[in-house]
Amino acid sequence: MADNRPGAAARIIRWIDYRLPFVQFLNHELNEYPTPRNLSYWWNYGSLSGIMLVIMIVTGIILATQYTPSSELAFESVERIMRDVNYGWLVRYVHMNGGSMFFAIVYIHLFRGLYYGSYKTPRELLWILGVIILLLLIATAFMGYVLPWGQMSYWAATVITNLFSAIPLIGPGIVTFLWGGFAVGDPTLHRFYALHYLLPFIIVAVVLLHLVALHRHGSNNPLGIDHKGPQDTIPFHPYYTIKDLFGLTVFLLIYTFFVFYAPNYLGEPDNYIPANPMQTPNHIVPEWYLLPYYAILRSITFPILFISSKLAGVILAFSSIFILFFLPWLDTSPVRSARFRPIYKWVFWLLVIDVIALGWVGANPPQGIVVTVGQIATFYYFIHMLILFPLIGKLERPLPLPSSIGAGAPMAKP
Amino acid sequence: MAKRAFAAATVSAFVLASAIAWAADETLPLPRQEWSFDGVFGTYDRASAQRGFQVYKEVCSVCHPVKHLHFRDLGEIGYSEDEVKAIAGGYQVTDGPNDEGQMYQRPGRASDPIPGPFPNDQAARAANNGALPPDQSLIVKARAGGPDYVYAILTGYKEPPAGFKMLEGMNYNEYFAGHQFAMPPPLSDNAVTFADGTPATVPQMAHDVVTFLTWAAEPNLDDRHRSGLKVILFLVVAAGVFYAAKRKIWAPIH
Amino acid sequence: MADVAQQNGSEAHPGETRRDFLLLTAGAIGGVGIVATIWPFVDTLNPARDTLALSTTEVDLAPIQIGQRLTVAWRGQPVFIAHRTPEEIKAAEAVDISQLRDPQKDSDRVRKPEWLIVVGVCTHLGCIPLGQKTGDDRGPFGGWFCPCHGSVYDTSARIRQGPAPLNLWLPGQVEQASQALYKFTGENVVTIG
């Protein structure tokens, strides 16, 4: 009866699939779903983001089986994980460096979208969902950083929650509400832990929406033109599954280098000092991926009309992300990909330099030239978003687009 | 292509600039030491770590606790189970309450954390003019510059330069930010007699105690380096195979 | 599979078999990678080094008079240490073990007959049997009595009546005292674990 088993398996799968079409679904998404044939490696970062989300959730849950979210015991419980739990150091370092890796991947994914016009019609909602994911990610990362209850954990929490006091009238009340007390403390830690555990699953839900939106019209591509027929597309499997797998191993090489050989390079030494509410560290610095927003926040050193400098800084820092929601409408270019946009393709790099400059500003104490650079860079950022995007789209003459992806000049390099 | 080069150049310029900005500080640049645990293949020199534990025990532990270390951890730097038991037994540890409700002292066991010199922070401050000698279990990771920094501090005591005003009770240290350091120089030649006969000069003791403290902060390093090598080699092979597979699968498309 | 390939003239499609081999290798490497990665993460749930370090207890036996019993905590459970009287020992040895639900000779359950050391957890559903404190009900055999569902243990802590299926465990859940996880390590000291 050796033939029974393969037949039986196929029958069981058919039985299930008839009632819950998971095989049909997978077959459609992997084998039939048309993907542009010219996607470059810049299109790997979506699947890499998804994989990072899984890695962070898995390592996070494992850490959660050992971590104690109380201000008395949190720091010690993390040290116990590092010293006594089998492979605890590995799980901790993977999670800790994974936060940085996740943001690096997501930022590259975002800038890919900026360059190739992936936010343009009909992908506006896809883009908006992505920005929502970014916001949730920032909130999750911020709360996660508080959990080890080191000096930087405590003081970053204090500084950032204090931002809300800038809101007129109700601000200070909101801050007390957020803290659950009169300063960041044990109640704050407990609620940050609960929310840090919860938010990733909300991110999963938004990611699923993001994928549904993606599959409605399919991926953009380096040429920015729609695919016109089967000559322009290939099935996702096996072409992009193997390309994604290869990209994954290269990424893992970088990730594991950090985990095994430089696990604290991206972090702050001060966070290995237990939180001391009576002593502020010399330099309060957020993790690198929050530095640009921190720089914008600190760059407003003067009040604007009736808005205090503190409130203005808060508004601009949050706006720097919220403005991304409007990008599909701020950008007036009739053409998607920067390849065919002779002016924008250079201006794009100005934004990249600007964001890196903001990062540098955020990392340094706000004195001297740092302040000036920060103000110029903040100013430029909003000019780029609010003025350059609409203007360049209107003023530049795009290069002629190829007739189709198949005919598009030079094929994307493997 | 030119665009890529331009992009790469500007990104590198900024990374370099920021690196330089980060390094710049008011104090002297940190001299780099050679450590057995440096680099991808680094491991802890156990003999050095044991000498370092002796320095900690005989000099530093008068003021500084290492509360995240347990006696049983000492097995990792080469002490035998009996040696660990003996070291632990030499300490008195507070336990209790007993059936009368009293706390009591008993000899230490391997499973105990290494007790610090003071029962709490307030007692530590009272004994040290209000200053709190920090716990040393993580000091190497808790300071920018890590082992090089701690070594520089231990060997960086000097006479203050002419005209420099020392505050009361402070000590001039070249590498401490602001140069006013509350800890008096802890090490002097032959403060300790090493069991293996190594001459106990200040640089030697500093080197050994920093090796010990680096191990104390990062006991997983040997494991981490070893398994890291395996993981990275595996990934290099995997990347090669996946790349070849990718080329093969994509051949008809190109 | 190789036969079929050759019959189909695999020599005419060398590229394909090379590609299959490549894919097979890629799949194998991926599989090995995933499995090798899973183990450390699962291992984090095994007892950690601090838990393992606390898995030994030393007990001073000197204060336990003949006929007295002491309960100590070991690995999160109570351990009954009974300093048995000669009568208790004789009663334990005299039992016809073929009549027992869980047949075990008394001599197999002790290293020294005057010291019975067993884990004080009823083998029925895990309650702690009575009999350690003076005044406790020791049941009809003078051993221990579990109040939850009425299991009765004799002076060798073997099950005699009631629903429990097995005798009280020796430390380490072994069949022979010689394998049990305790040792007399001093004048009047036993080390458990």
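Author: Gladly! In chain A, 13 residues are in contact with 12 residues of chain C, contact meaning heavy atoms within 4.5 Å. This is a predicted model, where local features need pLDDT of at least 70, side-chain atom pairs count only at pLDDT 80 or more, and totals for chains, interfaces and linings use all residues. Residues are numbered from 1 along each chain as its sequence is written, chains are lettered from A and ligands numbered from 1 in the order in which they are written, and side-chain values use heavy atoms, without hydrogens and water.

Reader: What makes D50(C) and R80(A) a salt bridge?

Author: The rule asks for a side-chain nitrogen of Lys or Arg within 4 Å of a carboxyl oxygen of Asp or Glu. The closest N and O atoms of D50(C) and R80(A) are 2.6 Å apart, so the pair qualifies. The rule finds one salt bridge across the interface of chain A and chain C.

Reader: How much area do chain A and chain C bury between them?

Author: About 1,100 Å², 59% of it on carbon and sulfur atoms. Buried area is the accessible area (1.4 Å probe) that two parts lose on being put together, summed over both. On the chain A side, D84(A), N86(A) and Y87(A) lose the most area to chain C, together 45% of what that side buries.

Reader: Why is D84(A) with R72(B) called a salt bridge?

Author: Their closest N and O atoms lie 2.9 Å apart, and therefore the pair meets the rule. Across the interface of chain B and chain A, the rule finds one salt bridge. The area buried there is about 4,300 Å², with 72% from carbon and sulfur atoms.
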